[in-house]
2 protein chains.
Amino acid sequence: MTRLSLRIDFEPSGSALGPGMVQLLERVAEQGSIRSAAISMGMSYRKAWLLVQEMQDTFNGAVVTTEIGGSDGGGTKLTELGTRLLKTYRRIESRAARAAEADLEALAALVKANAAPRRSARRKHSKQT
Amino acid sequence: MTRLSLRIDFEPSGSALGPGMVQLLERVAEQGSIRSAAISMGMSYRKAWLLVQEMQDTFNGAVVTTEIGGSDGGGTKLTELGTRLLKTYRRIESRAARAAEADLEALAALVKANAAPRRSARRKHSKQT
């Protein structure tokens, strides 16, 4: 499988939106907590919080909101802005992958040719998981 | 300006092709030397050489070739494989950017709204270059 990861740089502000930030938003939406989201990504809470802050600075608004108590016991959700960033990024990703499909397959075929045994019995170290 | 950077991961091999590798190929093609290419990217020669090795492992072939002497004094060039990787990656990049253009503009507009002064006189630190 070939996976495309995108980083979007906004110039000249120097700010960016990348795969780690977006995955964090996705996990917060799924798990209702920045802490749980961070743990599920093997990331420290501090790092997750800094990523949230960075997005909030870049887009000048809250991307998550925390409710305390209530009938569902509260928790952290994405704001409308957070949801919008997540959806837009995922749409960019899928459109990009579709547009580049043939070329991505061509590259993957070159890698696959590599993984197969060639002329000699020489073996390459490969991380097959 | 909004810039899209792509990283292509080939699973399950664990190998990848990313913007640094491709820029290195491009600079080698322009400058005829891995050392000059590395310097122009603010990268150590060792790091550049490791990136070249990584590409050669991934795609099982030389991506650069060095000629010594000759009428043009020799130098390092891209092989057919190196040229193919460079061109394919750049084509993926431009197709992806075109496919995602509207969404990228929408994100950039959100960032721009951020850069503009808002309700209060509060100013945000911004790296304007």
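**Strands across two chains**

Modeller: Gladly! Strand β1 (residues 2-10) of chain A is joined to β1(B) by 9 bridges, and the two strands run antiparallel. Before we go on, this is a predicted model, in which local features need pLDDT of at least 70, side-chain atom pairs count only at pLDDT 80 or more, and totals for chains, interfaces and linings use all residues. Residues are numbered from 1 along each chain as its sequence is written, chains are lettered from A and ligands numbered from 1 in the order in which they are written, and side-chain values use heavy atoms, with hydrogens and water left out.

Colleague: What counts as a strand, and what counts as a pair of strands?

Modeller: Strands (E, at least two residues) and helices (H or I, at least four) are DSSP runs, numbered from the N terminus. Two strands pair if DSSP finds at least two bridges between them. Here, A:Phe10 stands opposite B:Thr2 in β1(B), and A:Thr2 stands opposite B:Phe10. Between them along the strand, you can look for A:Leu4, whose bridge partner in β1(B) is B:Ile8.

Colleague: Which residue does B:Ile8 have as its bridge partner in β2(B)?

Modeller: That partner is B:Leu17. β1(B) and β2(B) are antiparallel and joined by 3 bridges. In chain A, β1(A) and β2(A) also pair in the antiparallel sense over 3 bridges, with A:Ile8 opposite A:Leu17.

Colleague: How many residues of each chain are in contact?

Modeller: Contact means heavy atoms within 4.5 Å. By that rule, 44 residues of chain B touch 43 residues of chain A. The two chains bury about 4200 Å² between them, 53% of it on carbon and sulfur atoms; buried area is the accessible area (1.4 Å probe) that two parts lose on being put together, summed over both. In chain B, B:Asn60, B:Asp103 and B:Leu107 lose the most area to chain A, together 15% of what that side buries.

Colleague: What about charged side chains?

Modeller: In general, side chains of opposite charge can pair when their charged atoms come close. A salt bridge is a side-chain nitrogen of Lys or Arg within 4 Å of a carboxyl oxygen of Asp or Glu. The whole structure has 14 salt bridges over all chains, and the count between chain B and chain A is 8. One to find is between the side chains of B:Asp9 and A:Arg3 (3.9 Å, N to O). This pair crosses from strand β1 of chain B to strand β1 of chain A.

**The symmetry**

Colleague: How do I describe the way the two copies are arranged?

Modeller: Two copies of a chain are related by a rotation about an axis and a shift along it. Here, a rotation of 180° with 0.0 Å of shift along its axis superposes chain B on chain A (RMSD 0.0 Å), with copies superposed by least squares on the C-alpha atoms of residues with pLDDT of at least 70 in both. The two copies are therefore related as by a two-fold rotation axis. In chain B, the C-alpha nearest that axis belongs to B:Ala96, 2.0 Å from it. The same surface serves both copies, as 98% of the contact residues of chain B recur in chain A.
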